[in-house]
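The entries follow in the order I made them.

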Amino acid sequence: MDATTSPRPARQDGPQGRDEPDGAAVPSAAPGRIAALAAAPLLAAAAALALGVTQILHTQTVPFASVGDYVCEGAYALHLTAAVAAVLALRRVGRPEPGWGRIGDAGALLYGLGHAVVAVPVTATFVLATNPPDPLGALYAPGIVLWMAGLVPLAIAVFRSAPVPRAVAVVLPATLPLAMALGAAGPLVEALTWGVLAFAIVRAARRRVR
């Protein structure tokens with residue numbers, strides 16, 4: 001499903017930013033635009049960090065019996081939601097580059113959809129303070145599968161288009177399995193991943209408008 005690359009045509013600067021071959025305007029160098037790109041990745045990282053630290057210090061029980069139980073589930077729901085917007089920010093800086101192509105779009109779609117699907121039962125658990133009904137609880141498995149399936153094409157696109165260091169792209173498919181293997185500390189992997197990606201997204205956005 002790899003898209004073929006071709007030389008980029010000449011670009012023309014406009015009042016809203018520079019036009020790219022695919023017709024999408026790259027955000028201008030205004031600090032507010034760059035901060036907006038980094039907001040979701042940073043939020044995803046912060047929520048995952050809060051979740052990881054809380055899980056290390058507190059064992060969650062369901063039905064909820066303490067504030068810590070709510071913090072765990074709420075942080076997880078926030079991370080999942082923010083990660084959907086975060087992968088769109090990554091796509092925004094990666095898509096204009098040769099090498100992103102359809103494989104990058106497919107990876108971002110699967111990754112974002114996986115997080116969105118898992119977010120449904122997690123949010124329901126947070127609201128109900130107990131396990132969600134079976135139809136919602138059944139969404140965990142397909143959500144994780146979509147999440148994992150999106151990591152591989154996303155990593156390929158990130159490696160080829162290089163909006164972030166290629167070393168990050170190489171380890172990207174291993175982040176979810178590693179997070180699951182680490183148990184309570186697993187969310188710290190996601191926190192580190194999105195922290196690094198947030199920095200790279202900002203750097204790529206600034207570099208493109210120079």
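**Entry 1: H2 and H5**

At what angle do H2 and H5 pack, and how far apart are their axes? I looked it up in the model, which is predicted. The angle is about 30°, and the axes are 12 Å apart. Angles under 35 degrees count as roughly parallel. H2 and H5 are therefore roughly parallel to each other. I noted the handedness too: H2 passes H5 in a left-handed crossing.

Next I listed who touches whom. H2 brings Glu73, Tyr76, Leu80, Val87, Leu90 and Gly94 to the contact. H5 answers with Tyr140, Trp147, Leu154, Val158 and Ser161. I sorted the residues of this contact by class and got 8 nonpolar, 2 polar and 1 charged.

**Entry 2: H2 and H3**

I stayed with H2 and turned to H3, which covers residues 101-128. Their axes come within 9 Å and cross at roughly 160°. That angle makes H2 roughly antiparallel to H3. The crossing of H2 past H3 is left-handed.

By class, the residues of the contact of H2 with H3 are 14 nonpolar, 7 polar and 3 charged.

**Entry 3: the largest pocket**

How much space lies in the largest pocket? I read off about 420 Å³. The pocket has 19 lining residues, and the closest to its centre are Leu51, Gln55, Tyr76, Trp147 and Pro187.

H2 gives the most, with 4 residues. I also noted the classes in the lining of the largest pocket: 12 nonpolar, 5 polar and 2 charged.

**Entry 4: the cavity**

A search of the whole structure finds 1 cavity of 30 Å³ or more. The largest cavity has a volume of about 50 Å³.

Its lining includes Leu90, Tyr111, Trp147, Leu151, Leu154 and Leu172. Thr175, Glu190, Thr193, Trp194 and Leu197 also line the largest cavity. H5 and H8 each supply at least two residues of this lining. The largest share comes from H8, with 4 residues. The classes in the lining of the largest cavity are 8 nonpolar, 2 polar and 1 charged.

I looked for Trp147 across my entries. Trp147 is among the residues closest to the centre of the largest pocket, and Trp147 also lines the largest cavity.

**Entry 5: backbone spots**

Where does the backbone hold a cis peptide bond? I found one from Val62 to Pro63, with omega near 5°. Pro63 is found in the loop between H1 and H2.

I also noted Ala129. Ala129 has a positive phi of about 65°, although Ala129 is not a glycine. This residue lies in the loop between H3 and H4, and H4 spans 134-137.

Terms used: Residues numbered from 1 in each chain as written. Predicted model: local features only at pLDDT ≥ 70, side-chain atom pairs only at ≥ 80, totals over all residues. Heavy atoms only, no water. 1 Å grid on protein atoms, 1.4 Å probe; cavity = no way out; pocket = protein on both sides within 12 Å on 5 of 7 lines; lining within 4 Å. Points joined across faces, edges and corners; volume = space filled by probe spheres on them. Nonpolar A, V, L, I, M, F, W, Y, C, P; charged D, E, K, R; others polar. Axes fitted to C-alpha atoms, helices over the stretch in contact; angles between N-to-C directions. Parallel < 35°, antiparallel > 145°, perpendicular 65-115°, else oblique. Left-handed = near helix turned anticlockwise from the far one by under 90°. Contact = heavy atoms within 4.5 Å.
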